[in-house]
Amino acid sequence: MRKISLVLLLFFLSGHLAAEDHAEHASSEFNLEEVLVHHLMDSPIFELNIGGEKVRPGDPAFENDPYRRYVFKDEQGLYKWQGGLPLHITKRVAMMWVVSILMLVVFIAGARKIARDYSKIQGRFAGVVEVLVNYVRHDIAEANMHHPSQGFLAYVITAFFFILFSNILGLFPPIGEIIDITKNLVTGHSIAHHAAPGELPSPLLAIWPGITVTGDIAVTFTMAAMTVVMIYAAGFKYQGVQYVWHAVPGGVPWWLFPIMWPIEFIIGPLAKGFALMIRLLANMTAGHVIILVLLGFIFQYRSWGLVPVSMLGAGAIYLLELMVAFLQAFIFTLLSSIFIGLSMHRH
């Protein structure tokens, strides 16, 4: 872990040095907001828009853009895409591909090893995979549901490992930027690695974007929405059509039923999904922000005395982030299992 921590901290340091080196030619002030946006916000790696048209500066569609569309650059200058189907490959999309590929490699390889002989331990790798899957299945999913079917178990297990892999892999620095920085240092060019407005970063960034997938509200919203769908699916599967009125706990006076029904059947599941969405998003973003701010103090105040304090503080937060990566995967799936289990029977 210490090696990973040092690599990450060196990357952040090199990134800030690059920004500082670039800033010396343009401005004497360090822009922490620019650094936060560069490392935390999503951005396109490959441009892909089916249909639509390009709008350029001066066009009202370019200037008054309520959707905050991505800006690109060609020989004629800056432009945005209006209309059509935007399918730009962004850093988070590429990172989701990386997470998915690694999950397939790990679990397919582990399953094949285990399937050779169920009565024997097929090595440490297969043993770790089996222990983790059994833990999620028995101690998280089945312990909080009432005889769940395979579909609900599969969702909880998949959600746990997708969140876990996304959280952990997001702590590694982007390989493409490290390669660019190293190449520029060797060749003696400027070490600034931030792409200019409208310019796409190096394609090497697609190898390992180094961004936390679960730090995007689109991802956490989708996962929370899937949990809400599972809540309703479990209710109708185990209670049938009666779930519509059985959503209200038994024993509630009839005159309270019109008030309780929309709360229990509509607002309740949506509120649970909203809580899952915000909890995961906030926890996976806060740690990265703190690390960047602590390292940004070095360049904001330009004091060598802050270097050991900022580095030690950022290292401590990074170690805490490793624990949070496991904890948030556990909490999301635990609460999802509880919420799904509550809708299986009337209370």
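How many residues does helix 10 have, and how far does helix 10 reach from its first C-alpha to its last? In this predicted model, helix 10 covers residues 257–301, a run of 45 residues. Its end-to-end reach, taken between the first and last C-alpha, is 61 Å, which is close to the 66 Å expected at 1.5 Å a residue. The helix is bent by about 45° at I267, and P269, a proline, follows within four residues. After helix 10 comes R302, which has a positive phi, near 50°.

The packing of helix 10 against helix 11 was examined next. Two packed helices are described by the angle between their axes and the distance between the axes. Helix 11 spans residues 306–342, and the axes of helix 10 and helix 11 lie 10 Å apart at an angle of about 175°. Angles over 145 degrees count as roughly antiparallel, and helix 10 and helix 11 are therefore roughly antiparallel to each other. Their contact comprises 22 nonpolar, seven polar and three charged residues.

Helix 11 also packs with helix 8, residues 217–239; the two axes come within 9 Å and cross at roughly 25°. With the limit for roughly parallel set at angles under 35 degrees, helix 8 and helix 11 are therefore roughly parallel to each other. The crossing of this pair is right-handed. On the helix 8 side the contact involves M223, A224, T227, M230, I231 and A234, and on the helix 11 side F332, S336, F339 and I340. By class, eight of the residues in this contact are nonpolar and two are polar, with no charged residue.

A further contact joins helix 5 (residues 123–141) and helix 6 (residues 150–169), whose axes come within 10 Å and cross at roughly 120°. Helix 5 and helix 6 are therefore oblique to each other, and their crossing is right-handed. Helix 5 contributes L132, V133, V136, R137, I140 and A141 to the contact, while helix 6 contributes Q150, L153, V156, I157, F160 and F161. The contact of helix 5 with helix 6 has 10 nonpolar residues, one polar and one charged.

Conventions
Residues are numbered from 1 along each chain as its sequence is written. This is a predicted model: local features need pLDDT of at least 70, side-chain atom pairs count only at pLDDT 80 or more; totals for chains, interfaces and linings use all residues. Side-chain values use heavy atoms; hydrogens and water are left out. Axes are lines fitted to C-alpha atoms, for helices over the stretch in contact, and angles run from 0 to 180 degrees between N-to-C directions. Helices (H or I, at least four residues) and strands (E, at least two) are DSSP runs, numbered from the N terminus. Angles under 35 degrees count as roughly parallel, over 145 as roughly antiparallel, 65 to 115 as roughly perpendicular and the rest as oblique. A crossing is left-handed if the near helix is turned anticlockwise from the far one by less than a right angle, and right-handed if clockwise. Contact means heavy atoms within 4.5 Å. Ala, Val, Leu, Ile, Met, Phe, Trp, Tyr, Cys and Pro count as nonpolar, Asp, Glu, Lys and Arg as charged, and the others, Gly among them, as polar. The expected span of a helix is 1.5 Å times one less than its number of residues. The bend at a residue is the angle between axes fitted to the seven residues ending there and the seven starting there.
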